[in-house]
Amino acid sequence: MTLLTNARIVLPCSVVETELHFSADGLSAPGAIVPAASTDATVIDCEGDYIIPGIIDLHTDNLERQVLPRVNARWPSRSAFLAHDAQCAVAGVTTVFDSLSLGDINGRDRIQTYEEGIRDLVELSEAGALRADHLLHFRCELIAPDMQPLFEMALHDPRMTALLRLASLMDHSPGVGQYADIARWRVGRAKEGMTEAEIDAMQARVAAERTQHLEANRAYVIEYCRAHGITLASHDDRLEEEVARNHEDGITIAEFPVSLAAARGAHTLGMDVIAGAPNIVRGGSHSGNVNAIDLIRAGLVTALASDYVPSAMLEAAFACVAQDILPVPEAIALVTDGPARIVGLHDRGRIEAGRRADLVQVRLYDGLPIIRRVWVGGHRVV
């Protein structure tokens, strides 16, 4: 049993100064008297720090950045996974949806990361080597010829399918979604060192693959996820028509909508909206799309996701507080209760009796949150 004293406990609708008892069996009610704790508890004086629920990140590409810290410098996969796990834990992320890409229009880097990542996730989890609780988010590149075989690669192993809780439908074709501005897309490829002829060839190839594979891959993913109760998201929606079709097909989440119209359309239809935390920390989209803070001001966002920087989750939440956009409970809910609810993780995301003891101790320094301690399932990991 652990007893936290002198703490500001962030509850769904308030912040209260009280004590909190927890153990590996779960949380007690904030402020509740637990008789056995008086003699058996480890007592921690939080010195007025916030105690928030563990952060839940539904979309992180952070593993890809550990696997390829530099161009052409691929890191050993298991070492990369452990580094990724550590970075998430020290950022207060206690539940991580490893967002692995099924298909890569730019080569095989992401495919190799997926193939090795699903193996490492299962083996490291079973070995008790991970600090955070890791689940799977399949990012399905609908225009990729090998999307379905890659999906099926995981289906033979019940350990992998048990971890699969979320799938998103992606189309990274030039002229669509976040790459609607083809001229901007071409400039990006040129910065990667491609010649004009190579860019022309890539654009033509991707267009052909989109025509051939998108609809079949879309139907395959939707059918499987419906049959197995896996939450479905769409990725980088730009048009209201796209959102309406997704809603009709049973997709419940608009992930990283790139326009205000798409986010508003999703909200109107009762869909959940995930925005990128780095967008808030940086003050705007790195792709020139809608500013996430404007979506929050409009009351359209259900949850934030780290996308590519785990530490952005908590910083983005407190940025909403610093800018007087949201009070602390509502801001913290964007990275805790909101994500938990939309994927059906009802055992976490809030500080209340009976839930998992996933907790983060946070101190503010000049408005920036500093992680001081992290517990996962009642065990301290940071």
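Q: How many residues in the lining of the second largest cavity are nonpolar, how many polar and how many charged?

A: The residues of that lining divide into two nonpolar, three polar and three charged, where Ala, Val, Leu, Ile, Met, Phe, Trp, Tyr, Cys and Pro count as nonpolar, Asp, Glu, Lys and Arg as charged, and the others, Gly among them, as polar. This is a predicted model, in which local features need pLDDT of at least 70 and side-chain atom pairs count only at pLDDT 80 or more, while totals for chains, interfaces and linings use all residues. Residues are numbered from 1 along each chain as its sequence is written, and side-chain values use heavy atoms, with hydrogens and water left out.

Q: Which residues line the second largest cavity, and which helix gives the most to the lining?

A: A cavity is a set of points, on a 1 Å grid over the protein atoms alone, where a 1.4 Å probe fits but cannot get out, and its lining residues have an atom within 4 Å of a point. Here the lining consists of Leu63, Val67, Arg74, Ser77, Thr113, Glu116, Gly117 and Asp120. Helix 2 and helix 4 are the elements that give two or more residues to it, and helix 4 gives the most, with four. The volume, the space filled by probe spheres set on grid points joined across faces, edges and corners, is about 40 Å³.

Q: What is the volume of the largest cavity, and which helix gives the most to its lining?

A: The largest cavity holds about 60 Å³ of space, and helix 14 (residues 328-333) gives the most to its lining, with three residues. That lining divides into seven nonpolar, two polar and two charged residues, including Pro12, Pro53 and Arg350.

Q: Which residues of helix 4 are buried, and what covers them?

A: Helices are DSSP runs (H or I, at least four residues), as are strands (E, at least two), numbered from the N terminus. In helix 4 (residues 109-126), the buried residues (under 20% relative accessible area, 1.4 Å probe, protein chains only) include Thr113, Glu116, Gly117 and Asp120. Among the elements covering the buried residues are helix 3 (77-90), strand 7 (93-102) and helix 5 (147-155). Just after helix 4, Gly128 takes a positive phi of about 70°.

Q: How many disulfides does the structure hold?

A: A disulfide is a pair of cysteine sulfur atoms within 2.5 Å, and the structure holds zero. Cys320 is in no disulfide, the nearest cysteine sulfur, that of Cys13, being 17 Å away.

Q: Why does Cys320 count as buried?

A: Cys320 counts as buried because its relative accessible area is 0%, and Cys46 counts as buried at 0% relative accessibility.

Methods:
Expected span 1.5 Å × (residues − 1). Buried < 20%, exposed > 50% of the residue type's maximum accessible area, 1.4 Å probe, protein only. Contact = heavy atoms within 4.5 Å. 1 Å grid on protein atoms, 1.4 Å probe; cavity = no way out; pocket = protein on both sides within 12 Å on 5 of 7 lines; lining within 4 Å.
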